[in-house]
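Subject: Structure handover

Hello,

Here is the structure I said I would pass on. Please open it alongside this message.

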Amino acid sequence: MKAAYYKKTGTARDVLINDELETPKPTANEVLISVKASGINPSDVKRRAGWQNKNLPFPLIIPHSDGAGKIVKVGRNMSTDLIGSDVWVWNAQGGYAGPGRAFGTAAEFIAVPATQVSKLPDNVTFEEGACLGVPLRTSHRAVFADGPIDNKLILVQGAGGVVGNFAVQLASQFGATVIATAGSKERMSHALDAGAHHVVNRHDLSFKKEIMDITKGLGVDRIIEIEFGGNIETDIDLLKPNGIIAAYSSTTVPNPTFPYYKLAAKGGQINLIQSFNLPLEAEKQCQRDLQELCEAGKFKVAIGKVLPISEISTAHEMVEAKTIIGNVVLKV
Ligand SMILES: NC(=O)c1ccc[n+]([C@@H]2O[C@H](COP(=O)([O-])OP(=O)(O)OC[C@H]3O[C@@H](n4cnc5c(N)ncnc54)[C@H](OP(=O)(O)O)[C@@H]3O)[C@@H](O)[C@H]2O)c1
């Protein structure tokens with residue numbers, strides 16, 4: 001089969017190889033998928049680059065956790081009724097807590113446990129389906145992990161990013177009032193298109209005051225945070241008493257310190273979100289909510305760029321450059 005892979009970490013152009021590899025065979029509880037689209041996330045490019053100096057857990061890695069395609073074969077414990085189903089895939093590379101999985105979605109075929117696929121909703125394309133695994137599951141967990149959101153005031157930091165933008169859609173569709181932050185006009189409009197009720201440019205000197213004015217000086221109930229270490233002081237200022245910060249990243253400050261008593265004085269809580277380890281019920285709820293939004297025609301996936309798998313290095317560089325709004329996807 002056609003596949004992209006790497007055998008050492010480094011820059012995309014130095015280590016990514018397009019070649020032929022043996023087509024995998026599904027084991028008893030797996031399904032074999034003919035991959036149509038492979039979605040790229042920051043975690044994929046970080047792993048390939050050797051983020052946090054992790055050694056390669058396998059001699060050869062086919063990158064990417066997310067994808068979509070058609071089931072073409074099933075393992076002996078699986079119903080043959082599944083053959084022919086269009087599905088989206090998650091966790092193909094597995095989490096950070098263990099070694100993960102060697103073979104991701106940047107290949108013509110992937111064999112994955114049947115528990116890691118879900119039927120593609122009718123009006124979702126393969127390219128869109130390849131953008132759901134990491135981003136949708138992360139945003140869903142960040143929005144819903146801390147209880148009902150009806151009538152809550154939620155601040156989504158980084159709402160022009162892929163995860164943040166899904167978080168805006170979910171929070172606004174399911175009854176919250178959403179204040180979004182973004183760093184440019186284009187990303188501010190992207191947040192408004194997703195359903196944000198208010199949007200503030202995070203580079204404005206008065207941005208904290210603007211947010212407090214929107215909340216009539218009361219602060220927000222919840223914050224969905226993309227850059228925990230960089231924004232924690234601001235977040236505490238913006239949080240209502242007993243408010244909750246659900247953080248899914250702290251890339252620029254990976255070992256943050258935070259003012260314990262400033263947060264404790266508010267009875268504030270911190271919830272760290274990890275999409276690779278979703279509790280089963282959260283996973284199922286995410287799938288049900290996706291289905292509901294799709295059936296109502298209320299779900300949008302912003303695809304920033306689609307490239308052929310032969311251009312995987314360029315695609316990785318685009319994700320690293322962070323200039324594209326929306327997901328970068330490979331057509332396989
Ligand atoms: N824990 C998990 O399970 C999980 C899952 C998915 C992603 N992540 C991590 O989350 C991060 C974002 O992923 P993504 O796919 O959404 O990436 P993305 O689409 O590249 O989005 C990044 C966004 O961050 C915004 N941003 C940068 N610095 C910011 C700051 N200090 N405050 C507020 N916003 C800031 C940028 O927008 P502006 O400059 O316009 O504000 C941009 O829109 C990555 O580091 C990724 O590895 C973690």
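Below are the notes on what was found in it.

This is a predicted model, in which local features need pLDDT of at least 70, side-chain atom pairs count only at pLDDT 80 or more, and totals for chains, interfaces and linings use all residues. Residues are numbered from 1 along each chain as its sequence is written, and side-chain values use heavy atoms, with hydrogens and water left out.

Domain 1 puts 17 residues into the contact and domain 2 puts in 12 residues, where contact means heavy atoms within 4.5 Å.

Ligand. There are 23 residues around the ligand, and Lys46, Gly183, Arg202, Thr251 and Ser275 come nearest; a residue is counted as near if one of its heavy atoms lies within 4 Å of the molecule. By class, this shell holds 8 nonpolar, 11 polar and 4 charged residues. Here Ala, Val, Leu, Ile, Met, Phe, Trp, Tyr, Cys and Pro count as nonpolar, Asp, Glu, Lys and Arg as charged, and the others, Gly among them, as polar. At least two shell residues come from each of α2 (42–49), α4 (133–144) and α5. Helices (H or I, at least four residues) and strands (E, at least two) are DSSP runs, numbered from the N terminus.

Helix α2. Of the 8 residues in α2, 6 are buried, namely Ser43, Asp44, Val45, Lys46, Arg47 and Arg48. Buried means under 20% relative accessible area, exposed over 50%, and partly exposed in between (1.4 Å probe, protein chains only). These buried residues pack against α1 (12–15), β3 (30–40) and α11 (312–321). Just after the helix, Gly50 has a positive phi of about 85°.

Arg48 counts as buried because its relative accessibility is 1%. Its side chain reaches the backbone oxygen of Gly10 at 2.8 Å. Beyond four places in sequence, Arg48 touches residues including Tyr6, Thr11, Val15, His316 and Glu320.

His140 sits in helix α4 and is buried because its relative accessibility is 3%. Leaving aside neighbours within four places in sequence, His140 contacts Ala145, Leu170, Ala282, Gln285, Cys286 and Asp289. Phe174 lies in the loop between α5 (162–173) and β9 (177–182); with a relative accessible area of 19%, Phe174 is buried. Phe174 touches Phe144, Ile149, Asp150, Asp289, Glu292 and Leu293, again not counting residues up to four places away. Asp289 is therefore listed for both His140 and Phe174.

Regards

How values were computed. A polar contact is a pair of N or O atoms within 3.5 Å; within protein, one must be able to donate a hydrogen and the other to accept it, and residues adjacent in sequence count only if both atoms are side-chain atoms.
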